[in-house]
Amino acid sequence: MKRPKKTEAAVAAELEALNPLSQKQLRERWVELYETPCPPFMRRPLLIRALAYRIQEKAFGGLDRATRRLLEQAAAAAITTSAPTIEI
C-alpha cells in the first residue's frame, strides 16, 4: 500500500525544521532519509540542500525517467569530453 503524500505545508514545516539542527543531527537525518551513511565531506549548506531535496522527492516524487536519462547522458558526455568554456 502506498503512503499518502504529504501536504505542501507539512513539507515546508519539515524543511524549516532542518535549519536549527546541529551538524550531527543533520547527519542522523541523512541516514533516516537516504538509508546510507552521510558522506564525510558534506558541509552544512550542501547537507541541508541534499536533505531538502530528498524530503521533497519523497513527498512529491522524483525526476521522471526521461529527465533522469537526459541527465545521465549529459554527465557521461561531460566525463568523456573536455570541460566546456562559458563565455560571458
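Is Glu14 buried or exposed? Glu14 is buried, because its relative accessible area of 17% falls under the 20% limit. This is a predicted model, and the protein averages a pLDDT of 89, with 88% of the residues scoring at least 70.

**Confidence**
- Among the elements of the protein, helix H2 has the highest mean pLDDT, at 97.
- The lowest mean pLDDT among the elements belongs to helix H4 (residues 65-80), at 88.
- Where pLDDT is low, the predicted coordinates should not be read in detail.

**Helix H3**
- H3 covers residues 44-60, a run of 17 residues.
- From its first C-alpha to its last, H3 reaches 24 Å, close to the 24 Å expected at 1.5 Å a residue.
- The buried residues in H3 include Leu47, Ile48, Ala50 and Leu51, and Ala52, Ile55 and Ala59 are buried as well.
- Helix H1 (8-16) and helix H2 (23-34) are among what covers the buried residues of H3.
- Just after H3 comes Gly61, which takes a positive phi of about 100°.

**Nonpolar core**
- The largest nonpolar core has 14 residues, and the members touching the most others are Leu18, Leu26, Trp30, Met42, Leu47 and Leu51.
- Both H2 and H3 supply at least two residues each to this core.
- H3 gives the most to the core, with seven residues.
- Leu51 is in contact with Leu18, Leu26, Arg29, Trp30, Leu33 and Tyr34, leaving aside its neighbours within four places in sequence.

**Aromatic pair**
- One aromatic pair is found in a search of the whole structure.
- The pair is formed by Trp30 and Tyr34, and it counts as stacked because the ring planes lie at 25°, with the ring centres 4.1 Å apart.
- Trp30 and Tyr34 both belong to helix H2 and sit four residues apart, about one turn of the helix.
- Trp30 has 9% relative accessibility and so counts as buried.
- Tyr34, at 25% relative accessibility, counts as partly exposed.

**Glu14 and Arg29**
- Glu14 is placed in helix H1, while Arg29 is found in helix H2.
- Arg29 is buried, because its relative accessible area is 19% and the limit is under 20%.
- Leaving aside neighbours within four places in sequence, Glu14 is in contact with Lys6, Arg29 and Ile55.
- Ile55 is itself one of the buried residues in H3.

**Arg27**
- Arg27 is also found in helix H2, and Arg27 is partly exposed, with a relative accessible area of 23%.
- Not counting residues up to four places away in sequence, Arg27 touches Cys38, Pro39, Pro40, Met42 and Leu47.
- Arg27 and Cys38 are 11 residues apart along the chain, and their C-alpha atoms are separated by 5.8 Å.
- Two of the residues that Arg27 touches, Met42 and Leu47, are among the core members that touch the most others.

Note on methods:
Residues numbered from 1 in each chain as written. Predicted model: local features only at pLDDT ≥ 70, side-chain atom pairs only at ≥ 80, totals over all residues. Heavy atoms only, no water. Expected span 1.5 Å × (residues − 1). Buried < 20%, exposed > 50% of the residue type's maximum accessible area, 1.4 Å probe, protein only. Contact = heavy atoms within 4.5 Å. pLDDT = per-residue confidence, 0-100. Core = buried A, V, L, I, M, F, W, Y, C linked by side-chain atoms within 4.5 Å. Phe/Tyr/Trp six-rings, centres within 6.5 Å; stacked < 30°, edge-to-face > 60°.
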